[in-house]
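Q: I have a protein model open and would like to learn how to read it, one feature at a time. Could you walk me through it?
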Amino acid sequence: MSFIKTKLIDFLRLVFPSSYTELAVFLFFIICYGILGSYIAVNYRIIFDSRIPWDAYFSFDNKSILMTGGSFERHPLSYYFFNWIREFSLLISGGKMDTNFRLTLAWLSNIVISLNVLQVFKYLKNIIRLPFRFSFFTVLFFGLFSTNILLSFTPENFTYTLFLLTLYNHYAAIKLRKQEKIPALALSLAGITIGGLTITNFVKVFIPVLFEKNLFKSWKKFGNAALRVLIAAICFILLYLNRIDFNYQNIFSKTNQQYEKFSNVESMPTWDMISSFFFGGNILFPGFILSDKHNMKGFEFKGLYMDLYSSAFSYLFVAALLLLISWSYVKNFKNKWVQVIMISFLFDIIIHCIMRFGLHTSYIYGGHFVFVYPLLIGWLFQAYRSSPKMIFFLGLVTSLLLFYLLCNNIFRMSEFFWFMDTYYQ
(Lines give C-alpha, C1' and ligand atoms only; values in the text may rest on other atoms or scores of the structure.)
Protein backbone atom coordinates (compact mmCIF):
# COMPACT_ATOMS: atom_id res chain seq x y z
CA MET A 1 0.00 0.00 0.00
CA SER A 2 2.87 2.38 0.85
CA PHE A 3 4.35 1.75 -2.63
CA ILE A 4 1.06 2.68 -4.31
CA LYS A 5 0.72 5.73 -2.07
CA THR A 6 4.26 6.86 -2.94
CA LYS A 7 3.66 6.45 -6.67
CA LEU A 8 0.37 8.35 -6.44
CA ILE A 9 2.03 11.23 -4.59
CA ASP A 10 4.86 11.30 -7.15
CA PHE A 11 2.30 11.40 -9.96
CA LEU A 12 0.38 14.27 -8.36
CA ARG A 13 3.61 16.19 -7.85
CA LEU A 14 4.50 15.61 -11.50
CA VAL A 15 1.15 16.80 -12.86
CA PHE A 16 0.28 19.64 -10.49
CA PRO A 17 2.26 22.51 -8.93
CA SER A 18 4.70 21.25 -6.32
CA SER A 19 6.27 24.56 -5.27
CA TYR A 20 5.19 28.17 -4.79
CA THR A 21 6.81 29.26 -8.06
CA GLU A 22 5.02 26.51 -9.98
CA LEU A 23 1.75 27.45 -8.29
CA ALA A 24 2.28 31.10 -9.27
CA VAL A 25 2.90 30.13 -12.91
CA PHE A 26 -0.15 27.88 -12.97
CA LEU A 27 -2.43 30.50 -11.39
CA PHE A 28 -1.19 33.20 -13.76
CA PHE A 29 -2.13 31.21 -16.85
CA ILE A 30 -5.34 29.71 -15.52
CA ILE A 31 -6.58 33.20 -14.66
CA CYS A 32 -5.62 34.66 -18.05
CA TYR A 33 -7.03 31.75 -20.05
CA GLY A 34 -10.00 31.49 -17.68
CA ILE A 35 -11.09 35.08 -18.26
CA LEU A 36 -10.89 34.59 -22.03
CA GLY A 37 -12.71 31.25 -22.08
CA SER A 38 -15.39 32.28 -19.60
CA TYR A 39 -16.22 35.41 -21.55
CA ILE A 40 -16.54 33.44 -24.78
CA ALA A 41 -18.62 30.67 -23.16
CA VAL A 42 -21.05 33.08 -21.50
CA ASN A 43 -21.50 35.50 -24.40
CA TYR A 44 -21.20 33.30 -27.50
CA ARG A 45 -22.33 29.86 -28.64
CA ILE A 46 -19.22 29.09 -30.69
CA ILE A 47 -17.71 26.63 -28.18
CA PHE A 48 -20.69 24.33 -28.58
CA ASP A 49 -23.74 24.61 -30.80
CA SER A 50 -25.68 21.38 -31.28
CA ARG A 51 -26.44 22.39 -34.89
CA ILE A 52 -22.78 22.78 -35.89
CA PRO A 53 -20.82 19.50 -35.98
CA TRP A 54 -17.54 20.89 -37.38
CA ASP A 55 -15.59 23.84 -38.80
CA ALA A 56 -17.15 26.73 -36.87
CA TYR A 57 -13.63 28.04 -36.35
CA PHE A 58 -10.28 26.87 -37.69
CA SER A 59 -11.50 23.34 -38.56
CA PHE A 60 -12.05 22.27 -34.94
CA ASP A 61 -14.80 19.67 -34.64
CA ASN A 62 -16.16 20.55 -31.20
CA LYS A 63 -19.59 18.92 -31.38
CA SER A 64 -18.43 15.92 -33.37
CA ILE A 65 -15.59 15.24 -30.92
CA LEU A 66 -17.77 15.70 -27.83
CA MET A 67 -20.57 13.47 -29.08
CA THR A 68 -18.62 10.69 -30.83
CA GLY A 69 -14.94 11.17 -30.03
CA GLY A 70 -14.19 11.75 -33.71
CA SER A 71 -13.37 9.25 -36.43
CA PHE A 72 -12.12 5.93 -35.04
CA GLU A 73 -9.28 5.59 -37.59
CA ARG A 74 -7.62 8.80 -36.37
CA HIS A 75 -8.87 8.87 -32.77
CA PRO A 76 -9.20 5.19 -31.79
CA LEU A 77 -10.14 5.50 -28.11
CA SER A 78 -11.28 9.13 -27.75
CA TYR A 79 -14.92 7.97 -27.84
CA TYR A 80 -14.62 6.71 -24.26
CA PHE A 81 -12.68 9.72 -23.03
CA PHE A 82 -15.11 12.29 -24.41
CA ASN A 83 -18.07 10.34 -23.06
CA TRP A 84 -16.71 11.21 -19.61
CA ILE A 85 -16.11 14.84 -20.59
CA ARG A 86 -19.63 15.20 -21.99
CA GLU A 87 -21.37 13.48 -19.10
CA PHE A 88 -19.44 15.49 -16.51
CA SER A 89 -20.33 18.75 -18.29
CA LEU A 90 -23.99 17.70 -18.48
CA LEU A 91 -23.92 16.87 -14.77
CA ILE A 92 -22.68 20.38 -13.97
CA SER A 93 -25.23 22.00 -16.31
CA GLY A 94 -28.17 19.93 -15.08
CA GLY A 95 -28.47 17.97 -18.31
CA LYS A 96 -28.76 21.05 -20.53
CA MET A 97 -26.39 22.03 -23.33
CA ASP A 98 -26.55 25.69 -22.38
CA THR A 99 -24.23 28.40 -21.06
CA ASN A 100 -23.19 26.30 -18.05
CA PHE A 101 -22.41 23.39 -20.35
CA ARG A 102 -20.17 25.61 -22.51
CA LEU A 103 -18.61 27.15 -19.41
CA THR A 104 -17.72 23.73 -18.00
CA LEU A 105 -16.18 22.66 -21.30
CA ALA A 106 -14.19 25.90 -21.48
CA TRP A 107 -12.86 25.51 -17.93
CA LEU A 108 -11.86 21.90 -18.48
CA SER A 109 -9.87 23.06 -21.51
CA ASN A 110 -8.50 26.00 -19.53
CA ILE A 111 -7.25 23.75 -16.72
CA VAL A 112 -5.66 21.28 -19.13
CA ILE A 113 -3.85 23.92 -21.19
CA SER A 114 -2.66 25.71 -18.02
CA LEU A 115 -1.28 22.37 -16.80
CA ASN A 116 0.35 21.96 -20.21
CA VAL A 117 2.15 25.30 -19.79
CA LEU A 118 3.10 24.23 -16.27
CA GLN A 119 4.68 21.03 -17.63
CA VAL A 120 6.83 23.07 -19.99
CA PHE A 121 7.85 25.28 -17.05
CA LYS A 122 8.70 22.23 -14.94
CA TYR A 123 10.79 20.81 -17.80
CA LEU A 124 12.69 24.09 -18.17
CA LYS A 125 13.25 24.29 -14.41
CA ASN A 126 13.90 20.64 -13.53
CA ILE A 127 15.45 19.12 -16.65
CA ILE A 128 17.18 22.04 -18.39
CA ARG A 129 17.63 23.80 -15.02
CA LEU A 130 17.18 27.32 -16.27
CA PRO A 131 16.91 30.17 -13.76
CA PHE A 132 13.37 31.26 -12.96
CA ARG A 133 13.51 34.44 -15.05
CA PHE A 134 14.46 32.52 -18.21
CA SER A 135 11.95 29.75 -17.54
CA PHE A 136 9.07 32.16 -16.97
CA PHE A 137 10.06 34.30 -19.95
CA THR A 138 10.07 31.19 -22.17
CA VAL A 139 6.68 29.91 -20.95
CA LEU A 140 5.21 33.39 -21.34
CA PHE A 141 6.32 33.24 -24.97
CA PHE A 142 4.85 29.73 -25.24
CA GLY A 143 1.60 30.75 -23.55
CA LEU A 144 0.98 33.36 -26.27
CA PHE A 145 1.08 30.77 -29.08
CA SER A 146 -2.14 30.72 -31.08
CA THR A 147 -2.51 26.98 -30.36
CA ASN A 148 -2.54 27.52 -26.60
CA ILE A 149 -4.90 30.50 -26.86
CA LEU A 150 -7.43 28.61 -28.97
CA LEU A 151 -7.21 25.30 -27.14
CA SER A 152 -7.63 27.02 -23.77
CA PHE A 153 -11.39 27.20 -24.49
CA THR A 154 -11.81 24.53 -27.18
CA PRO A 155 -13.08 21.02 -26.26
CA GLU A 156 -11.07 19.01 -28.79
CA ASN A 157 -8.69 16.06 -29.06
CA PHE A 158 -5.79 18.45 -29.58
CA THR A 159 -6.41 20.12 -26.21
CA TYR A 160 -5.85 16.94 -24.23
CA THR A 161 -3.23 15.50 -26.58
CA LEU A 162 -1.03 18.58 -26.10
CA PHE A 163 -1.14 18.22 -22.33
CA LEU A 164 -0.50 14.47 -22.41
CA LEU A 165 2.47 14.88 -24.76
CA THR A 166 4.12 17.57 -22.63
CA LEU A 167 3.43 15.55 -19.48
CA TYR A 168 4.92 12.39 -20.96
CA ASN A 169 7.97 14.21 -22.33
CA HIS A 170 8.63 15.67 -18.89
CA TYR A 171 8.17 12.27 -17.23
CA ALA A 172 10.42 10.51 -19.76
CA ALA A 173 13.06 13.23 -19.38
CA ILE A 174 13.09 12.65 -15.61
CA LYS A 175 13.57 8.92 -16.17
CA LEU A 176 16.44 9.56 -18.58
CA ARG A 177 18.07 11.96 -16.14
CA LYS A 178 17.87 9.35 -13.37
CA GLN A 179 19.10 6.70 -15.84
CA GLU A 180 16.01 4.62 -15.14
CA LYS A 181 13.94 2.66 -17.60
CA ILE A 182 10.35 3.62 -18.34
CA PRO A 183 8.11 0.88 -16.83
CA ALA A 184 5.83 -1.20 -19.04
CA LEU A 185 2.79 0.16 -17.18
CA ALA A 186 3.80 3.77 -17.89
CA LEU A 187 4.47 2.97 -21.55
CA SER A 188 1.11 1.22 -21.84
CA LEU A 189 -0.82 4.06 -20.19
CA ALA A 190 0.96 6.64 -22.35
CA GLY A 191 0.31 4.64 -25.50
CA ILE A 192 -3.38 4.15 -24.68
CA THR A 193 -4.01 7.79 -23.76
CA ILE A 194 -1.77 9.60 -26.27
CA GLY A 195 -2.23 7.16 -29.14
CA GLY A 196 -5.87 6.62 -28.23
CA LEU A 197 -6.65 10.31 -28.72
CA THR A 198 -4.63 10.59 -31.96
CA ILE A 199 -3.12 7.48 -33.47
CA THR A 200 -0.21 9.22 -35.23
CA ASN A 201 1.22 10.13 -31.82
CA PHE A 202 1.39 6.50 -30.68
CA VAL A 203 4.94 5.95 -31.93
CA LYS A 204 6.18 9.05 -30.05
CA VAL A 205 5.66 7.22 -26.76
CA PHE A 206 8.53 4.86 -27.54
CA ILE A 207 11.13 7.40 -28.67
CA PRO A 208 12.59 7.99 -25.17
CA VAL A 209 13.14 4.22 -24.79
CA LEU A 210 15.75 4.43 -27.55
CA PHE A 211 17.90 6.63 -25.32
CA GLU A 212 17.87 4.52 -22.17
CA LYS A 213 21.36 3.91 -20.85
CA ASN A 214 23.36 1.17 -22.63
CA LEU A 215 20.27 -0.03 -24.48
CA PHE A 216 22.22 -1.12 -27.55
CA LYS A 217 25.19 -2.45 -25.58
CA SER A 218 23.34 -5.15 -23.68
CA TRP A 219 21.09 -7.82 -25.17
CA LYS A 220 19.35 -8.14 -21.82
CA LYS A 221 18.46 -4.44 -21.70
CA PHE A 222 17.46 -4.41 -25.35
CA GLY A 223 15.24 -7.45 -24.86
CA ASN A 224 13.65 -5.89 -21.78
CA ALA A 225 12.91 -2.69 -23.73
CA ALA A 226 11.48 -4.68 -26.63
CA LEU A 227 9.22 -6.58 -24.22
CA ARG A 228 7.94 -3.36 -22.64
CA VAL A 229 7.20 -1.88 -26.06
CA LEU A 230 5.47 -5.11 -27.13
CA ILE A 231 3.26 -5.12 -24.02
CA ALA A 232 2.25 -1.50 -24.62
CA ALA A 233 1.53 -2.17 -28.30
CA ILE A 234 -0.57 -5.27 -27.55
CA CYS A 235 -2.63 -3.40 -24.94
CA PHE A 236 -3.30 -0.59 -27.40
CA ILE A 237 -4.10 -2.87 -30.34
CA LEU A 238 -6.52 -5.01 -28.33
CA LEU A 239 -8.41 -1.94 -27.06
CA TYR A 240 -8.44 -0.47 -30.57
CA LEU A 241 -9.80 -3.67 -32.10
CA ASN A 242 -12.39 -4.00 -29.36
CA ARG A 243 -13.54 -0.43 -30.14
CA ILE A 244 -14.34 -1.45 -33.75
CA ASP A 245 -15.63 -4.96 -32.92
CA PHE A 246 -12.43 -6.48 -34.40
CA ASN A 247 -13.44 -5.40 -37.90
CA TYR A 248 -9.85 -4.41 -38.69
CA GLN A 249 -10.47 -4.01 -42.44
CA ASN A 250 -12.35 -0.81 -41.67
CA ILE A 251 -9.12 0.73 -40.38
CA PHE A 252 -7.38 0.48 -43.75
CA SER A 253 -10.34 1.57 -45.86
CA LYS A 254 -11.16 4.56 -43.66
CA THR A 255 -7.50 5.56 -43.37
CA ASN A 256 -7.12 5.57 -47.15
CA GLN A 257 -10.28 7.66 -47.51
CA GLN A 258 -9.03 10.18 -44.95
CA TYR A 259 -5.61 10.40 -46.59
CA GLU A 260 -7.11 11.02 -50.03
CA LYS A 261 -9.46 13.63 -48.61
CA PHE A 262 -6.91 15.62 -46.62
CA SER A 263 -3.74 15.34 -48.70
CA ASN A 264 -4.79 16.43 -52.19
CA VAL A 265 -5.46 20.13 -51.75
CA GLU A 266 -3.77 22.19 -54.48
CA SER A 267 -5.36 25.59 -53.86
CA MET A 268 -2.21 27.11 -52.29
CA PRO A 269 1.55 26.74 -52.82
CA THR A 270 3.01 23.94 -50.72
CA TRP A 271 5.90 26.03 -49.38
CA ASP A 272 3.49 28.72 -48.25
CA MET A 273 1.20 26.26 -46.47
CA ILE A 274 4.26 24.81 -44.71
CA SER A 275 5.48 28.22 -43.54
CA SER A 276 2.13 29.92 -42.91
CA PHE A 277 0.22 26.97 -41.47
CA PHE A 278 2.47 24.18 -40.21
CA PHE A 279 5.34 26.24 -38.80
CA GLY A 280 3.54 29.54 -38.39
CA GLY A 281 -0.21 29.34 -37.89
CA ASN A 282 0.00 27.32 -34.69
CA ILE A 283 2.13 30.08 -33.13
CA LEU A 284 1.50 33.38 -34.93
CA PHE A 285 -2.03 34.03 -36.20
CA PRO A 286 -2.22 34.88 -39.91
CA GLY A 287 -5.23 36.63 -41.41
CA PHE A 288 -8.64 34.92 -41.52
CA ILE A 289 -11.03 33.81 -44.24
CA LEU A 290 -14.81 33.52 -43.88
CA SER A 291 -16.55 30.53 -45.41
CA ASP A 292 -20.18 29.52 -45.93
CA LYS A 293 -20.86 26.16 -44.28
CA HIS A 294 -23.83 23.87 -43.64
CA ASN A 295 -24.44 20.86 -41.44
CA MET A 296 -25.96 18.68 -44.20
CA LYS A 297 -29.33 18.98 -42.47
CA GLY A 298 -30.40 22.37 -43.74
CA PHE A 299 -28.67 24.63 -41.20
CA GLU A 300 -26.25 27.18 -42.67
CA PHE A 301 -23.53 28.91 -40.70
CA LYS A 302 -20.27 30.80 -41.11
CA GLY A 303 -16.90 29.17 -40.67
CA LEU A 304 -13.55 30.83 -40.04
CA TYR A 305 -10.24 29.64 -41.51
CA MET A 306 -6.68 30.86 -41.42
CA ASP A 307 -5.22 32.48 -44.52
CA LEU A 308 -1.63 32.57 -45.75
CA TYR A 309 0.58 35.25 -44.28
CA SER A 310 0.39 38.60 -46.05
CA SER A 311 3.12 40.45 -44.11
CA ALA A 312 6.86 40.06 -44.59
CA PHE A 313 7.26 40.48 -40.81
CA SER A 314 5.26 37.29 -40.24
CA TYR A 315 7.52 35.29 -42.53
CA LEU A 316 10.56 36.83 -40.81
CA PHE A 317 9.11 35.81 -37.43
CA VAL A 318 8.72 32.19 -38.57
CA ALA A 319 12.18 32.18 -40.16
CA ALA A 320 13.77 33.58 -37.00
CA LEU A 321 12.02 31.02 -34.79
CA LEU A 322 13.05 28.14 -37.05
CA LEU A 323 16.60 29.46 -37.04
CA LEU A 324 16.61 29.46 -33.23
CA ILE A 325 15.36 25.89 -32.88
CA SER A 326 17.70 24.65 -35.65
CA TRP A 327 20.58 26.40 -33.90
CA SER A 328 19.56 24.74 -30.65
CA TYR A 329 19.44 21.32 -32.29
CA VAL A 330 22.89 21.68 -33.87
CA LYS A 331 24.39 23.10 -30.68
CA ASN A 332 22.89 20.30 -28.56
CA PHE A 333 23.17 17.50 -31.11
CA LYS A 334 24.73 15.07 -28.62
CA ASN A 335 22.05 15.83 -26.02
CA LYS A 336 19.69 12.85 -25.74
CA TRP A 337 16.80 15.00 -24.45
CA VAL A 338 17.06 17.24 -27.51
CA GLN A 339 17.17 14.21 -29.78
CA VAL A 340 13.96 12.86 -28.22
CA ILE A 341 12.23 16.20 -28.87
CA MET A 342 13.43 16.54 -32.47
CA ILE A 343 12.70 12.94 -33.48
CA SER A 344 9.16 13.44 -32.18
CA PHE A 345 8.88 16.67 -34.18
CA LEU A 346 10.22 14.91 -37.27
CA PHE A 347 7.22 12.55 -37.31
CA ASP A 348 4.87 15.52 -37.61
CA ILE A 349 7.01 17.10 -40.34
CA ILE A 350 6.88 13.85 -42.34
CA ILE A 351 3.11 13.41 -41.90
CA HIS A 352 2.08 16.98 -42.71
CA CYS A 353 4.85 18.52 -44.81
CA ILE A 354 6.14 15.54 -46.79
CA MET A 355 3.04 13.30 -46.95
CA ARG A 356 0.91 16.50 -47.02
CA PHE A 357 -1.80 15.08 -44.76
CA GLY A 358 -3.98 18.00 -43.66
CA LEU A 359 -1.33 20.49 -44.77
CA HIS A 360 -3.96 23.05 -45.83
CA THR A 361 -5.23 23.14 -42.22
CA SER A 362 -2.03 22.09 -40.45
CA TYR A 363 -2.35 25.04 -38.06
CA ILE A 364 -4.78 22.93 -36.04
CA TYR A 365 -2.20 20.18 -35.55
CA GLY A 366 -0.03 22.38 -33.34
CA GLY A 367 -1.38 20.45 -30.37
CA HIS A 368 0.92 17.62 -31.45
CA PHE A 369 4.18 19.53 -31.41
CA VAL A 370 4.19 23.22 -30.34
CA PHE A 371 5.78 22.34 -26.99
CA VAL A 372 8.94 21.56 -28.99
CA TYR A 373 9.67 25.27 -29.54
CA PRO A 374 9.98 26.47 -25.92
CA LEU A 375 11.94 23.36 -24.93
CA LEU A 376 14.49 23.83 -27.71
CA ILE A 377 14.77 27.54 -26.93
CA GLY A 378 15.36 26.57 -23.32
CA TRP A 379 18.14 24.19 -24.32
CA LEU A 380 19.69 26.96 -26.45
CA PHE A 381 19.79 29.30 -23.45
CA GLN A 382 21.32 26.49 -21.39
CA ALA A 383 24.01 25.84 -24.00
CA TYR A 384 25.24 29.44 -23.72
CA ARG A 385 24.75 29.83 -19.97
CA SER A 386 28.43 30.76 -19.48
CA SER A 387 28.45 33.40 -22.23
CA PRO A 388 26.77 36.66 -21.09
CA LYS A 389 27.02 38.20 -24.56
CA MET A 390 25.24 35.27 -26.22
CA ILE A 391 22.62 35.17 -23.48
CA PHE A 392 21.99 38.88 -24.03
CA PHE A 393 21.71 38.36 -27.79
CA LEU A 394 19.34 35.39 -27.45
CA GLY A 395 17.27 37.30 -24.89
CA LEU A 396 17.03 40.30 -27.23
CA VAL A 397 15.94 38.19 -30.19
CA THR A 398 13.31 36.25 -28.25
CA SER A 399 12.07 39.48 -26.65
CA LEU A 400 11.50 40.97 -30.09
CA LEU A 401 9.72 37.79 -31.17
CA LEU A 402 7.58 37.86 -28.04
CA PHE A 403 6.63 41.50 -28.60
CA TYR A 404 5.61 40.88 -32.20
CA LEU A 405 3.74 37.71 -31.19
CA LEU A 406 1.84 39.58 -28.48
CA CYS A 407 0.83 42.48 -30.75
CA ASN A 408 -0.12 40.25 -33.67
CA ASN A 409 -2.13 37.72 -31.69
CA ILE A 410 -4.03 40.38 -29.73
CA PHE A 411 -4.97 42.05 -33.01
CA ARG A 412 -6.06 38.77 -34.61
CA MET A 413 -8.06 37.79 -31.54
CA SER A 414 -9.93 41.09 -31.87
CA GLU A 415 -10.89 39.95 -35.38
CA PHE A 416 -12.00 36.63 -33.92
CA PHE A 417 -14.24 38.49 -31.47
CA TRP A 418 -15.71 40.48 -34.37
CA PHE A 419 -16.51 37.15 -36.04
CA MET A 420 -18.24 35.88 -32.89
CA ASP A 421 -20.10 39.17 -32.38
CA THR A 422 -21.40 39.01 -35.92
CA TYR A 423 -22.32 35.34 -36.27
CA TYR A 424 -22.30 33.55 -32.89
CA GLN A 425 -24.13 35.61 -30.28
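Q: Where does Asp 245 lie?
A: Start with the helices: here these are DSSP runs of H or I of at least four residues, while strands are runs of E of at least two, and both are numbered from the N terminus. Asp 245 is in the loop that joins helix H10 (219–243) to helix H11 (249–262). By the way, this is a predicted model, in which local features need pLDDT of at least 70 and side-chain atom pairs count only at pLDDT 80 or more, while totals for chains, interfaces and linings use all residues. Residues are numbered from 1 along each chain as its sequence is written, and side-chain values use heavy atoms, with hydrogens and water left out.

Q: What is the phi of Asp 245? And is Asp 245 buried or exposed?
A: Its phi is positive, about 55°, even though Asp 245 is not a glycine. For the second part, look at relative accessible area: under 20% is buried, over 50% is exposed and in between is partly exposed (1.4 Å probe, protein chains only). Asp 245 comes out at 67%, so this residue is exposed.

Q: Which loop holds Ser 59, and what is its phi?
A: Ser 59 belongs to the loop between H2 and H3. Ser 59 also has a positive phi without being a glycine, with a value near 70°. This time the residue is tucked away: Ser 59 has a relative accessibility of 11%, so it counts as buried.

Q: How do strands E1 and E2 pair?
A: Two strands pair if DSSP finds at least two bridges between them. Strand E1 (residues 288–294) runs antiparallel to E2, and 7 bridges join them. To find one of these on your screen, pick Ile 289 and look across to Tyr 305 in E2, its bridge partner. Five residues sit between the two strands of this hairpin, and Met 296 has a positive phi near 70° there.

Q: How many residues of E2 are buried?
A: Strand E2 (residues 300–306) has 7 residues and 5 of them are buried, so the rest of the structure largely encloses this strand.

Q: Let's move to rings. How many aromatic pairs does the structure hold?
A: There are 56 aromatic pairs. Rings of Phe, Tyr and Trp (its six-membered ring) pair if their centres lie within 6.5 Å; planes under 30 degrees apart are stacked, over 60 edge-to-face, the rest tilted. Take Tyr 44 and Phe 417: their ring centres are 6.2 Å apart and their planes meet at 65°, so this pair is edge-to-face. The two partners are 373 residues apart, with Tyr 44 in the loop between helix H2 (20–43) and helix H3 (62–68) and Phe 417 in helix H16 (residues 388–423), and the pair thus links distant parts of the chain. Tyr 44 is buried, at 4% relative accessibility.

Q: What kind of pair do Phe 419 and Tyr 424 form?
A: That one is tilted: the centres are 5.3 Å apart, with 50° between the planes.

Q: Which ring does the charged end of Arg 243 sit over?
A: A charge sits over a ring if NZ of Lys or CZ of Arg is within 6 Å of the ring centre and within 35 degrees of the ring normal. The charged end of Arg 243 is over the ring of Tyr 79, 4.6 Å from its centre. Have a look at Arg 177 too, which lies over the face of Trp 337, 5.0 Å from the ring centre.
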